[in-house]
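Biologist: Hello! Could you walk me through this structure, one question at a time?

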Amino acid sequence: MTATSIHNTIDAVWRIESAKLIAVLTRIVRDVGIAEDLAQEALVAALEQWPESGVPEKPGAWLMATAKHRALDLLRRRQMLDRKHEELGRELEAQELTVPDFSAALDDDIGDDLLRLMFIACHPVLSSESRVALTLRLLGGLTTDEIARAFLVPEATIAQRIVRAKRTLAQEHIPFEVPRGKELPQRLSSVLGAIYLIFNEGYSATAGDDWMRPALCEDALRLGRILAELAPQEAEVHGLVALMEIQASRAAARTGPEGRPVLLLDQDRARWDRLLIRRGLQALERANALGGARGPYALQAAIAACHARALVAEETDWKRIVELYDELARIMPSPIVELNRAVAVSMASGPDAALELVDALTAEPALKGYHLLPSVRGDLLAKLGRYDEARAECERAAAMTRNAREQELLLERAREFAARSADGHRPQ
Amino acid sequence: MRFVILRRSDATMESDTPASPELFEAMRQYDDEMRKAGVLVAVERLQPSSRGTRVRLSKGEFTTLDGPFSETKELIAGVTMMEVASKEEAIAWIKRCPTLCSGDVEAEFEIRPVLDCGE
């Protein structure tokens with residue numbers, strides 16, 4: 001093997017094995033920061049030795065054994081200071097450094113550790129950005145540099161964020177456990193939120209960006225799929241996976257020539273990835289089969305599924321989408337949900353009913369600077385033939401957004417409406 | 001990145017003898033491992049070529065030929081699609097395949113990157 005390909009192979013092995021490695025080590029040493037350091041030391045050892053000795057047949061086991069040896073050394077050195085560490089040291093020695101066979105039945109225990117790691121990395125005591133960085137680092141196997149490139153911040157910033165996060169977890173004595181009972185829904189929501197944030201960051205990437213950015217969608221999907229296998233009884237996990245799979249299915253259709261964004265209803269559906277849609281619909285099925293009241297991710301996924309099932313935009317079941325938004329508004333009331341619901345209402349029942357809803361939202365303080373509000377209002381006014389008012393709304397929306405492409409699109413529409421207004425056109 | 005892994009067939013796979021329960025279980029666990037790691041996109045095992053047919057177009061004419069086909073090594077036994085970060089990762093996953101664990105197994109896999117619509 002050449003030097004480069006050995007390194008690429010080690011990177012690949014790291015991606016496959018590191019999360020489990022760190023999870024098991026965290027259980028042993030009871031500290032995420034120390035666990036990650038030990039895992040990193042094992043990686044360094046691999047980088048030093050494997051180019052000479054070749055990649056071992058069971059690389060995961062090799063890394064685990066190496067890390068455990070170092071854990072023992074560390075605990076021995078600390079023996080003088082802390083009785084607890086002494087006990088841990090004896091525990092380790094008693095285990096005789098047995099190494100889990102990652103491909104066998106011990107999977108369940110490792111699964112538990114992985115789940116614990118996910119929860120601790122997304123603990124609410126950490127800032128949202130820290131949860132994202134820590135999750136990508138500990139569970140995604142991304143390097144600090146990769147995370148930095150993906151989020152367009154300096155590497156040092158991410159490094160700091162991760163160091164501080166680990167320190168906070170240690171200082172707050174956050175336990176390494178899967179939350180139960182009343183705590184679980186909020187904690188799970190924190191994990192799902194971090195994963196979806198990663199996905200959206202990737203989804204918002206534009207052509208010409210570092211390829212690490214759109215790759216975030218794949219990372220988020222991978223994390224979501226892993227979580228779905230670790231916690232198959234949680235409907236919202238499948239809901240989130242379904243939502244991401246279906247959104248990702250549209251990636252190829254989202255941009256037109258010269259990178260112009262294409263709205264969902266205008267997209268060439270032949271370019272939607274049917275394999276991802278199938279997977280998304282299956283995940284949605286799993287969520288629904290678990291029964292109980294549907295959560296926000298499952299509902300958003302169900303809405304996305306309505307679009308995915310329509311082979312052409314005209315076949316969209318808007319009535320169903322309105323019903324789903326009704327449900328979503330009940331469990332997650334928000335002006336943004338109301339706005340999206342109004343758009344669906346306009347497609348299902350016509351612009352009049354929708355305009356009433358949107359007019360009610362103009363007083364909403366939360367939507368004050370939100371450019372999509374006047375944008376939607378403009379569209380509805382145009383459909384009612386009130387072109388001059390529509391033009392004004394589009395211009396207002398354009399002034400509110402900082403995104404150059406969106407501005408362009410809105411001003412274009414404003415010009416179109418101005419022309420129709422001048423010509424005295426009939427309503428569309 | 002997506003990769004398709006084509007598992008080349010061999011005499012045993014073509015012989016239509018069903019796989020042993022142990023092997024079945026091992027393959028199932030292997031698929032499970034990939035699924036749990038979030039990298040498995042799709043997997044299909046193909047029936048032997050005795051159940052297959054070739055359709056050839058030549059000089060404007062179609063001809064069909066039913067299997068089995070003799071050039072076993074050219075035949076495909078299974079197709080797996082994975083989503084991983086690099087070709088090396090796909091290779092690392094192949095090396096974990098249980099049917100390779102018995103010492104005298106000869107096997108060949110072909111890895112091909114999937115063409116991205118954006119490329």
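Biologist: How many helices and strands are there in chain A?

Modeller: First, a word on the source: this is a predicted model, where local features need pLDDT of at least 70 and side-chain atom pairs count only at pLDDT 80 or more, while totals for chains, interfaces and linings use all residues. Residues are numbered from 1 along each chain as its sequence is written, chains are lettered from A and ligands numbered from 1 in the order in which they are written. Helices (H or I, at least four residues) and strands (E, at least two) are DSSP runs, numbered from the N terminus. Chain A has 19 helices and zero strands.

Biologist: What share of the residues of chain A count as buried?

Modeller: A residue is buried if 20 or more other C-beta atoms lie within 10 Å of its own, exposed if 12 or fewer, and partly exposed in between, with C-beta atoms placed from the backbone. Chain A has 428 residues, and the share that counts as buried is 41%.

Biologist: Which element gives the largest share of the side of domain 1 of chain A that touches domain 2 of chain A?

Modeller: An automatic or database domain assignment sets the bounds, and chain A is divided into domain 1 (1-104) and domain 2 (107-208). Their contact takes 18 residues from domain 1 of chain A and 14 residues from domain 2 of chain A, two residues being in contact if their C-beta atoms, placed from the backbone, lie within 7 Å. On the domain 1 side, α1 (3-29) and α2 (32-53) of chain A give two or more residues. The largest share of that side, ten residues, comes from α1(A).

Biologist: Which residues touch the most other members of the largest nonpolar core?

Modeller: A nonpolar core is a set of buried Ala, Val, Leu, Ile, Met, Phe, Trp, Tyr and Cys residues joined through C-beta atoms within 7 Å. The largest one has 125 residues, and its largest share, 13 residues, comes from α1(A). The members that touch the most others are A:Leu25, A:Leu117 and A:Ala301.

Biologist: How many residues of chain B are in contact with chain A?

Modeller: On the chain B side, α2 (21-36), β2 (40-45) and α3 (87-94) each supply at least two residues. Chain A contributes 18 residues to this contact, and chain B contributes 17 residues.
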